[in-house]
Amino acid sequence: MIAVIAMAIQFVTSGRFNSVSRHLGIDRIMAFHKVAAWWVLLAVLLHPLLYVLPTWFESPALARERLEFYLTSPHYRSGVFAWVAFALLLVTSLLRERLPWRYETWRATHLPLGVVAVMGSVHHALATGRFTAASPLPPFWLTTGAAVAVVVGVLYGWRWFRLHRYPWKLASVSRVADRMWELHVEPTPRTPSLAYRAGQFVWLTVGRRRFPLFDHPFSLSNSPRDPGVKLIIKEAGDFTSTLGALAPGTPLGLDGPYGEFVLEGHDAEAVILIAGGVGIAPILGLLRDMVARGERRPVRLAYAVGAPANFACLGEIEAARARLDLRVHLLSETSGPDYRGEIGLLDRDRLHTLLEGLDPARSVVLMCGPGGMVTAVSDALLDLGMPMHRILYERFDYSTGPSRQDRHRTRRLAAIGGGLAVGVALFALASS
């Protein structure tokens with residue numbers, strides 16, 4: 001029961017429902033998604049084994065016979081389908097970077113496998129579960145299945161309708177750095193303007209392929225006070241490699257806004273912005289919004305890239321210094337022609353310089369960049385006295401190890417899972 005509930009919750013906490021994700025943020029949602037997936041896989045794999053465990057102690061041969069019957073009998077087939085579907089779901093997710101699949105291909109398998117896992121489990125519980133049949137639980141299972149069906153219908157039905165009913169169009173595209181483009185997108189006459197907060201993101205689809213299966217998340221890089229929408233995107237795959245060649249007037253679909261990578265709601269005396277590579281996109285949106293609002297608090301910006309050619313919008317960042325109490329720290333891992341800035345990594349010493357004159361306990365950090373940088377910088381900021389709840393970050397990859405903040409979240413989620421496991425064990429003992 002708990003495993004199926006957790007699977008159903010994965011659909012709801014996908015980040016596409018602001019009423020659910022408003023107070024979580026995409027990083028917390030991803031942490032829950034990954035930790036809960038392991039717990040569910042464990043529960044699903046143990047489910048048939050635990051059923052034959054008492055028999056195993058009395059007769060291993062009979063236990064093997066029972067297990068074979070569970071896995072091959074048509075009576076249990078929907079449960080086996082659900083069992084296999086979730087195992088494939090997790091394995092293909094873990095190996096996604098190594099599989100020779102396009103991103104869209106992986107997503108096309110992810111959703112059906114998830115639906116089969118939940119719906120197969122619901123049918124299995126209703127058709128074969130003796131405990132379910134002897135208790136007032138059928139409405140619970142039916143409600144769980146209906147909830148998942150509604151979520152899938154909203155994501156791939158209603159949102160598909162909105163993407164075509166209210167299209168956007170590309171006004172212009174300009175190169176802002178090496179293999180990095182800024183798209184200026186405007187609503188068509190019948191499309192309402194997008195109400196968002198600086199730092200949020202949208203899901204983008206291009207041309208006639210305006211379907212949620214083909215969308216990709218990109219951060220908004222302008223202020224809500226500006227007309228239209230701007231997105232800074234780096235060429236990093238099949239989809240993004242073609243964006244720089246799009247012609248003005250190309251129809252686009254925007255689904256959003258989403259995310260809690262925003263400045264609102266944080267009581268801070270100073271704002272610290274940290275960007276790595278294309279992570280400048282939401283950071284620039286926050287900076288542009290602070291300029292538009294006339295921000296009076298001290299603002300510090302650390303912008304780190306792999307090579308000087310990767311810096312974007314430096315002229316605009318420099319101009320912002322005349323409008324804000326802004327100090328800018330530029331850092332490149334390598335040197336280049338005409339580059340006179342600092343070379344190296346955003347290490348603890350440089351972060352100490354960035355925080356100079358500020359009270360870490362009364363400041364807020366908003367950071368976006370590659371996973372390795374985010375992990376290292378987040379841990380270094382904690383060492384420098386920055387409270388954990390004042391460090392907000394979003395990553396565009398999860399290929400590196402967890403930060404201390406990640407581990408803190410994981411321990412909290414693991415404690416919930418452990419409590420549920422204890423409850424299940426006590427229930428099993430009481431029922432035996």
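Predicted model: local features only at pLDDT ≥ 70, side-chain atom pairs only at ≥ 80, totals over all residues.
**Strand 1 and strand 6.** I started with strand 1 (residues 168-177) and found it joined to strand 6 (residues 251-258) by 2 bridges, the two strands running antiparallel.

Next I wanted the whole arrangement. In what order do the 6 strands of the open sheet come? I read it off as 4-3-6-1-2-5, with antiparallel pairing. At the edges I have strand 4 (216-219) and strand 5 (229-234), each pairing on one side only.

**Strand 3.** I moved on to strand 3 (201-206). How many bridges join strand 3 to strand 6? I got 5, and the two run antiparallel. Leucine 252 turned up again, this time as the bridge partner of valine 206 from its place in strand 6. On to strand 4: strand 3 pairs with it in the antiparallel sense too, over 4 bridges. For leucine 204, I noted histidine 216 in strand 4 as the bridge partner.

Is strand 3 mostly covered or mostly open? Mostly covered, I wrote down, since I cite 6 of its 6 residues as buried.

**Helix 8 and helix 6.** I then asked what lies across strand 3 and strand 6. The answer is helix 8, running at about 130° to strand 6. Helix 8 (residues 138-165) also packs with helix 6 (residues 103-128), at an angle of about 160° and with the axes 9 Å apart. Anything over 145 degrees counts as roughly antiparallel, so that is how helix 6 and helix 8 lie to each other. The crossing of helix 6 past helix 8 is left-handed.

Who makes the contact? From helix 6 I listed residues including Arg107, Leu111, Val115 and Met119. From helix 8 my list includes Pro138, Trp141, Gly145 and Tyr156. Sorted by class, this contact has 14 nonpolar, 1 polar and 1 charged residues.

**Strand 7 and strand 8.** Strand 8 (residues 299-305) has 7 of its 7 residues buried, so the rest of the structure largely encloses it. On one side I found Val299, Leu301, Tyr303 and Val305, on the other Arg300, Ala302 and Ala304, all of them buried. Strand 7 (residues 270-276) pairs with strand 8 in the parallel sense, over 6 bridges. One pair I looked up there is leucine 273 with its bridge partner in strand 8, leucine 301.

Back in strand 6, which holds proline 257, I found a cis peptide bond between glycine 256 and proline 257, with omega about 5°.

Cysteine 313 has a positive phi of about 60° although it is not a glycine. I placed cysteine 313 in the loop between strand 8 and helix 10 (314-320). Is cysteine 313 buried or exposed? Its relative accessibility is 15%, and the cut-off for buried is under 20%, so cysteine 313 counts as buried.

Aspartate 338 also has a positive phi, near 65°, in a residue other than glycine. My note puts aspartate 338 in the loop between strand 9 (326-332) and strand 10 (342-343). With a relative accessible area of 70%, aspartate 338 is exposed.

Conventions: Residues numbered from 1 in each chain as written. Heavy atoms only, no water. Axes fitted to C-alpha atoms, helices over the stretch in contact; angles between N-to-C directions. Parallel < 35°, antiparallel > 145°, perpendicular 65-115°, else oblique. Left-handed = near helix turned anticlockwise from the far one by under 90°. Contact = heavy atoms within 4.5 Å. Nonpolar A, V, L, I, M, F, W, Y, C, P; charged D, E, K, R; others polar. Pairing = 2+ DSSP bridges. Buried < 20%, exposed > 50% of the residue type's maximum accessible area, 1.4 Å probe, protein only.
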